[in-house]
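Subject: Structure handover

Hello,

Here is the structure for your files, with notes on what was found in it. Please read the notes alongside the coordinates.

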Amino acid sequence: MSQAGLGRGAVEPVAVVGMSGVFPGADGIEALRDLLEQGRRVAPERPADRPSEGGSATAPPLCCIHGVGRFDAAFFGIAPIDAEQMDPQQRLFLEQAWSAVEDAGQRPGGLAGGRLGVFVGAQYGDYARLLAAAGELRAQGATGNALAMIANRVSYLLGVHGPSETVSSGEASSLVALHRAVAAIRSGQCDAALCGGVNILLRPETAVRMLEPGDASPSGQCRVLDAAADGRVAGEGCGVLFLKPLGAALADRNPVHALIRGVGVGHRGGGAQWDASAIDALADLLLNAHTAAGTAPRSLGLLETSGSATLAGDAAEVAALHRAFTPQTAGVAPTEPDCTLGSVKAAIGDAGPAAGIAAIIKAVLALREGRRYGVPGLDRPNPGLARDGGPFVVHRDSRPWPRPADGPRRAGVTAVSAAGTMAHAILEEWTGPVAGDGVPGGRVLPRTRPVLLSAGSEAGLDAVAAALRGWLLRQGDAGGDRLLRDIAHTLRTGRTDRPFRLALLASSLGELAVLLDAVPARSADPRILRGHAAAGSSGPSGSGPEELARAWVAGAAVAWPVPEEDGAPRRLSLPVPPFAGRSHWYRKVEPSPAPSSHAADWAERARRWRGETVALESGGEGVALVVLKDARNRNMFTEDLSLGILAAFQAIAADPSFRVAVITGEGPAFAMGGSPQALSDIVEGRMSYTDFPFLYECLLRCPLPVVAAMQGNASGAGFVFGLYADIVVLAEEATYAANFMTFGLTPGFGATMLLPEKLGRGLAAEMMLTGGAYSGAALRERGVPFPVVPRARVLDHALSTARGLAALPAGSLRLMKSSLAGDLLNRLPAAVDAELSVQRKTYAFPEVRERVSRLVTRLS
């Protein structure tokens with residue numbers, strides 16, 4: 001554990017072994033590093049992707065995080081209703097805590113039963129107020145919106161037994177949480193800790209009140225340490241650190257991003273925020289914190305200020321820093337300033353209770369990268385900096401940070417809340433062994449190694465592969481076989497296996513880079529194995545790397561051997577997979593009837609789909625023919641068939657030669673609704689049919705008229721899907737059913753709106769209530785407004801109708817389609833919301849769950 005300066009401290013440093021975060025303009029730690037390096041400033045805006053009491057037009061601009069409503073509830077085994085009632089701050093902190101552990105090269109599930117502490121800084125609870133105002137606050141909302149549960153839910157889901165606390169101390173909250181985490185580790189209350197902060201602003205009043213009167217910037221910029229400083233901009237953020245004692249981190253072979261030497265907390269006392277007494281109190285806090293840590297303020301080469309972004313406030317803080325540094329410089333000849341001042345608020349706004357953790361992460365990046373990040377947009381430094389012989393300097397651009405001759409780089413981070421709580425943390429770079437540098441010893445033989453990647457979606461899989469390629473580029477040529485071994489080991493043992501999987505069989509770093517480059521193009525290279533985990537997958541057919549990897553991508557449990565001659569692999573800080581999630585807002589204020597970002601994720605996967613369950617053919621004379629060809633599975637909506645449908649209609653929309661589309665099903669079935677796995681997932685709350693809006697909106701959103709040739713049987717969601725076509729042709733011999741109630745399920749997919757529209761209210765109610773099957777001939781007798789012809793003539797009839805439409809003016813045809821479908825699309829979200837509200841109650845009935853379970857068993 002030898003490192004310059006460590007011996008002076010009375011206690012062992014705490015290592016930052018993992019970190020994760022999302023901030024305005026930076027969806028991840030590496031993105032934050034790039035933003036800081038490039039000196040960019042995030043522009044405040046009025047977020048439009050979330051509900052807001054009073055509407056987004058009344059909300060003040062803020063530096064916001066987009067997509068805060070998205071959450072991967074299924075991954076954590078949380079039912080949709082619970083997720084919808086849960087404060088987005090809980091969801092966000094949970095996901096980032098999970099990622100911080102994986103960043104350390106550890107599998108979060110392996111922490112269960114251990115003494116892991118969880119400490120989080122938070123302050124506001126907007127979501128509960130929005131739920132109450134909308135009349136949507138349910139029993140689940142009690143725990144879903146308690147600030148204490150931000151920490152407690154992480155402890156519960158990880159199954160850990162250390163302290164679990166949410167701290168609310170204003171802007172200093174996350175630094176106070178860090179103080180408690182470090183103290184708990186050092187006192188033996190826990191063996192490791194997750195700590196951080198989170199801040200999401202959903203109500204205009206909160207964004208206004210977060211800043212003290214007169215503190216809000218009229219220019220919309222946080223000009224920290226600038227002579228033009230005029231106040232702050234409210235902001236959001238979430239950051240998490242995974243901490244261990246340095247000795248434990250080295251024993252566990254974790255990466256070490258930086259060290260926490262000490263954290264001090266205090267209060268400025270009474271009086272004005274920055275009177276002489278407050279300045280003295282902050283100076284004393286710094287001196288006491290450094291004394292306890294065995295360091296000196298003068299050893300800091302970087303200091304993240306609290307940053308009030310006002311001329312007087314910044315000058316007062318700098319005065320406190322001078323007072324703390326003066327005992328170290330008294331009688332010493334003036335030198336060039338060597339302590340850079342800054343504030344992350346200048347880049348991302350004031351994240352309130354998460355501001356401290358954002359500053360800590362910025363300081364960790366600066367120490368790790370050897371960079372002093374500037375203050376973006378700096379015009380002229382605050383006059384308070386101009387003191388003869390002072391050590392402080394502020395600059396606009398990012399610069400190299402040379403290591404001092406007498407020890408490692410050190411950084412300080414200060415936070416001062418409006419209520420008076422103050423905190424100061426002392427960080428230090430780690431100059432000891434790093435992963436891949438040949439420590440520990442042991443010969444590493446060249447061999448083919450499976451490099452395993454998994455994610456919750458196909459797009460997420462591509463994203464993590466691209467991130468790993470970027471990580472490799474930053475490493476250069478160093479590491480060789482040892483680094484490849486450590487990469488493979490980390491991804492094999494330090495990740496939770498997600499359903500979408502990729503295994504790359506590489507024997508060198510260069511080969512791994514080539515394979516990663518080939519991933520987006522869906523290369524047929526046999527060294528690239530791609531699959532989706534399926535329940536009940538058989539084990540490997542052999543013990544070689546390819547056999548093991550092939551079984552793993554299919555979902556089998558694999559016991560991976562570790563060759564003894566490879567020595568002891570190290571854990572690396574590698575890119576972690578993104579979460580797949582969908583929007584979980586309370587329903588009365590669902591942002592938009594447009595396809596969700598989850599649907600956009602599917603759309604991206606569909607663009608790369610190359611399956612065989614759906615074919616797009618020419619029906620002649622401007623007609624596109626879409627054929628569902630998964631007859632073996634009765635054209636149920638499996639994932640592959642769903643992607644194929646989406647891919648076909650993407651291609652139709654992009655091809656100007658098509659004027660009309662016809663969709664039909666090959667074999668005895670047109671479409672038989674949800675697959676067994678989908679039915680089980682829906683009833684168990686792991687997903688909802690609203691995860692796949694493109695299935696019930698696809699035919700409506702197609703810019704061309706669509707004719708459904710339903711010559712085969714259709715039931716449930718498959719029947720409803722076909723009825724979304726503009727024109728429907730049925731077969732006399734086929735059977736059609738809205739059979740949801742057969743299993744006790746109330747209808748979904750918008751059936752409660754669509755069936756009365758297409759079949760008439762009386763017949764629609766009868767079909768939905770009884771769940772019975774009706775032949776095409778019987779439906780014709782009941783007066784359905786569709787052509788019903790012998791099965792052998794259905795497709796010909798549909799194609800003939802389509803060719804007649806294709807002969808009409810194309811522009812007029814599209815306008816007419818848009819007008820007819822637009823009314824249904826406008827009414828569809830309300831119908832879907834109402835159906836979901838009823839289904840949440842339906843799924844709770846034991847008889848329904850038993851019937852669905854029997855159905856799934858039979859169909860499987």
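**V265 and its surroundings**

Apart from its neighbours within four places in sequence, V265 is in contact with V176, H179, L285, M422 and A423 (contact means heavy atoms within 4.5 Å). This is a predicted model, in which local features need pLDDT of at least 70 and side-chain atom pairs count only at pLDDT 80 or more, while totals for chains, interfaces and linings use all residues. Residues are numbered from 1 along each chain as its sequence is written, and side-chain values use heavy atoms, with hydrogens and water left out.

V265 is found in strand β7; helices (H or I, at least four residues) and strands (E, at least two) are DSSP runs, numbered from the N terminus. Its relative accessibility is 34%, so V265 counts as partly exposed (buried is under 20% relative accessible area, exposed over 50%, partly exposed in between, with a 1.4 Å probe and protein chains only). H424 lies 159 residues from V265 in sequence, yet the two are 6.5 Å apart in space, C-alpha to C-alpha.

**The sheet**

Strand β7 (residues 258–267) pairs with strand β1 (residues 14–22) in the antiparallel sense over three bridges; two strands pair if DSSP finds at least two bridges between them. The bridge partner of V16 in β7 is A258. Both strands belong to an open sheet of 11 strands with mixed pairing, in the order β4-β3-β5-β6-β1-β7-β14-β13-β8-β9-β11. Its edge strands, β4 (164–167) and β11 (392–393), each pair on one side only.

Helix α6 (residues 148–158) lies across β3 (116–121), β4 and β5 (192–199), and runs at about 155° to β4. Axes here are lines fitted to C-alpha atoms, for helices over the stretch in contact, and angles run from 0 to 180 degrees between N-to-C directions.

**Cores**

The largest nonpolar core has 90 residues, and I360 is one of those with the most contacts inside it. A nonpolar core is a set of buried Ala, Val, Leu, Ile, Met, Phe, Trp, Tyr and Cys residues joined through side-chain atoms within 4.5 Å. Helix α13 (residues 355–369) supplies the largest share of this core, 11 residues. Leaving out neighbours within four places in sequence, I360 is in contact with L175, L178, L241, V413, A425 and L427. A second, separate core of 87 residues includes V623, A751, A764 and L779.

**Whole chain**

The chain has 28 helices and 28 strands. Of its 860 residues, 58% count as buried.

Regards
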